[in-house]
Amino acid sequence: MSMSMSQKTFVAIAGNIGCGKTTAAKLISQRFGYELFDEPVLDNRFLKHYYGDMKRWSFTLQLEFLIKRVAHHEIIDTVPKSCIQDRSLIEDPEIFAKYLHGLGHMSDDELQLYLEYFERLNQGIRQPDKVICLSCSDVNVLLNRIKTRGRQEESSIQADFLVGLNGYYTAFPQAARSKWDLDVMVFDVTNFDIHDATEREDFLDKVEDFLDTPRIEV
């Protein structure tokens, strides 16, 4: 039996750089039969420049991500099956834009202009039904995972930068619930190994309860 648009579920994975969003999103997509929408990182034309000179490229990068994520939302709205998105649209205005502004990488006017773009482009956009927020309190874990995946443009990321992001991510679930009225599940990945069968199944059990969607047998 086919699924109607009203029955489909739209889920987003949120979390700091290196916390395992992409791997978790792929696993959920495979095990629950959700259409996967990867984070638009690998084809981002400004990411390498951004990590080389954040003050020059932060505003540009945030606009690039905004356009790409809004495009994802527009496509998701037309897909009849349930979907999972690697990183949510609201993480940029709620976390990254504010954080980069706080670091002095975006001026007051740039932040205001970004938020004006966001408000205009976000009009009529369907937000996720549910958000799975991956938390990691140990930035050394994040740095090791970033190093392991070996994206050249991320090689200059420092621990202090991730610590600052973690401060925003600690408050993010509450903001997602209270400001955006989203249903949020928080899962601590600090000591979690998604490649361990037992830990992976425990994670999927929690996701299954949260999504109220049965897994596909593999």
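1. The largest cavity of this predicted model has a volume of about 200 Å³. Nineteen is the number of residues in its lining, and those closest to the cavity centre are Ile-17, Glu-39, Tyr-51, Phe-65 and Arg-87. The structure holds one cavity of 30 Å³ or more.

2. Which helices contribute at least two residues each to the lining of the largest cavity? They are α1 (21–32), α2 (47–52), α3 (54–76) and α4 (91–102). Helix α3 gives the most, with four residues. By class, the lining of the largest cavity has eight nonpolar, three polar and eight charged residues. The student may wish to locate Glu-39 and Arg-87 in the structure, as both are among the residues closest to the centre of the cavity.

3. Arg-87 deserves a separate remark. This residue is placed in the loop between β3 (83–86) and α4. Is Arg-87 buried or exposed? Arg-87 counts as buried, because its relative accessibility is 5% and the cut-off for buried is under 20%.

4. Phe-37 may be considered together with Arg-87. The two residues are 50 apart in sequence, and their C-alpha atoms are 9.2 Å apart in space. Phe-37 belongs to strand β2 (residues 35–37). Phe-37 is buried, since its relative accessible area is 8%. Residues up to four places away in sequence being set aside, Phe-37 touches His-72, Ile-75, Ile-76, Val-79, Cys-83, Ile-84, Gln-85 and Asp-86.

5. With a relative accessible area of 1%, Gln-62 is buried. What does Gln-62 contact, once neighbours within four places in sequence are left aside? The contacts of Gln-62 are Asp-92, Phe-96, Ala-97, Leu-100, Met-106 and Tyr-114.

6. The volume of the largest pocket is about 530 Å³. Its lining is made of 25 residues, of which Gly-20, Lys-21, Thr-22, Thr-23 and Arg-149 are the closest to the pocket centre.

7. Helices α1 and α6 (139–149) each supply at least two residues of the lining of the largest pocket. The largest share comes from α1, which provides five residues. In terms of residue class, the lining of the largest pocket comprises 10 nonpolar, six polar and nine charged residues. Helix α1 also supplies at least two residues of the lining of the largest cavity.

8. Asp-181 lies in the loop between α7 (159–178) and β5 (183–188). Is Asp-181 buried or exposed? Asp-181 counts as exposed, because its relative accessibility is 69% and the cut-off for exposed is over 50%. Between Asp-181 and Gly-18 there are 163 residues of separation in sequence, and the C-alpha to C-alpha distance is 26 Å.

9. The fold as a whole may now be summarised. The protein has eight helices and five strands. Along the sequence, these elements follow the pattern β-α-β-α-α-β-α-α-β-α-α-β-α. Of the contacts between residues at least 6 apart in sequence, 76% join residues at least 24 apart.

10. The overall dimensions can be set against a simple expectation. The C-alpha trace spans about 50 × 40 × 30 Å along its principal axes. What radius of gyration would a compact globule of 218 residues have? The value would be near 17 Å, and the protein has 17 Å, so the two agree.

11. Two further values concern the surface. Of the 218 residues, 51% count as buried. The accessible surface of the protein comes to about 11000 Å², and carbon and sulfur atoms account for 50% of that area.

How values were computed:
Residues are numbered from 1 along each chain as its sequence is written. This is a predicted model: local features need pLDDT of at least 70, side-chain atom pairs count only at pLDDT 80 or more; totals for chains, interfaces and linings use all residues. Side-chain values use heavy atoms; hydrogens and water are left out. On a 1 Å grid over the protein atoms alone, a cavity is a set of points where a 1.4 Å probe fits but cannot get out, and a pocket is an open set with protein on both sides within 12 Å along at least five of seven lines; lining residues have an atom within 4 Å of a point. Grid points are joined across faces, edges and corners, and a volume is the space filled by probe spheres set on the points. Ala, Val, Leu, Ile, Met, Phe, Trp, Tyr, Cys and Pro count as nonpolar, Asp, Glu, Lys and Arg as charged, and the others, Gly among them, as polar. The radius of gyration is taken over C-alpha atoms; the globule rule is 2.2 Å times the number of residues to the power 0.38. Buried means under 20% relative accessible area, exposed over 50%, partly exposed in between (1.4 Å probe, protein chains only). Contact means heavy atoms within 4.5 Å. Accessible areas come from the Shrake-Rupley method with a 1.4 Å probe; for residues, only the protein chains shown count as cover.
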